[in-house]
Amino acid sequence: MQDVISGKAYVLGNNIDTDQIIPAKHLVYSLSDPEESKKYGAYALSGLPDAVAGLPKGNIKFVADGEYRSAYQILIAGKNFGCGSSREHAPAALQIAGVTAVVAETYARIFYRNAVDGGFLLPFESEASLPADTQTGDDVEINIPAGILKNLTRGTSHRLRPLGDVLEIVKAGGLFSYAREAGMLKT
């Protein structure tokens, strides 16, 4: 994993729940089958109401029809991201769609742990509300060691809370891989 993550931002509001991230009707595909798992990417964020899909304007599809990878690599969200049901499929769907990081004010604890423990993506917490300062399609970059998100399109910078051990767990590919690498589990 690189020290700097960059890409296009996809902006969301508060209380984005797991059914908006991956609707329950799409939880029928195998995550272990490489071809079938692409469906999770194709349907990532498909449960969002059109008006809040890609703020501030809305009505922006996260994944284009017929694709399973998104043009957006970094999600910018408000408070309580990932609330709702406990489903590991939510961060997995985002990863399959190409998301490398989510930057939110706060997370639902279960989504945060699923994202980290599965090694799916980096869940950054912002010190300030970013959805009002970022638009879907802005070019952004996250300097992980510095803890800074730069909006290259708007010329702004924002502090992020330190990830701590979370970074090493995600880099290792998840909690069990991390524990094996650290000698906590026998291989």
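**A serine in a loop, then the sheet**

Modeller: Ser 126 lies in the loop between strand 4 and strand 5 (139-143). Helices (H or I, at least four residues) and strands (E, at least two) are DSSP runs, numbered from the N terminus. This is a predicted model, in which local features need pLDDT of at least 70 and side-chain atom pairs count only at pLDDT 80 or more, while totals for chains, interfaces and linings use all residues. Residues are numbered from 1 along each chain as its sequence is written, and side-chain values use heavy atoms, with hydrogens and water left out.

Biologist: Is Ser 126 buried or exposed?

Modeller: Ser 126 is buried, at a relative accessible area of 2%. Buried means under 20% relative accessible area, exposed over 50%, and partly exposed in between (1.4 Å probe, protein chains only).

Biologist: And what does Ser 126 touch?

Modeller: Leaving out residues up to four places away in sequence, Ser 126 touches Val 103, Ala 104, Glu 105, Arg 159, Leu 160 and Arg 161. Contact means heavy atoms within 4.5 Å.

Biologist: Which residues are on the covered face of strand 5?

Modeller: Val 140 and Ile 142 are on the covered face, whereas Asp 139, Glu 141 and Asn 143 are on the uncovered one.

Biologist: How is strand 5 joined to strand 1?

Modeller: By five bridges, with strand 1 (residues 4-11) and strand 5 running antiparallel. Ile 142 of strand 5 has Ile 5 opposite.

Biologist: And on to strand 6?

Modeller: Strand 5 and strand 6 are antiparallel too, joined by four bridges. Asn 143 is opposite Ile 148 in strand 6. The two strands form a hairpin with four residues between them, and Gly 147 in the turn has a positive phi of about 65°. Strand 6 (residues 148-151) is in turn joined to strand 7 by four bridges, again antiparallel. There, Leu 149 has His 158 of strand 7 as bridge partner.

Biologist: Switching to helices. Which residues of helix 5 are buried?

Modeller: In helix 5 (residues 165-172), the buried ones are Val 166, Leu 167, Ile 169, Val 170 and Ala 172. They pack against helix 4 (109-117), strand 4 and helix 6 (175-181).

Biologist: What about the chain as a whole?

Modeller: The protein chain has six helices and seven strands. Its radius of gyration is 16 Å, close to the 16 Å from the globule rule for 187 residues, so the chain is as compact as a globular protein of that length. The radius is taken over C-alpha atoms, and the rule is 2.2 Å times the number of residues to the power 0.38. Buried residues make up 46% of the 187 residues.

Technical notes: Pairing = 2+ DSSP bridges.
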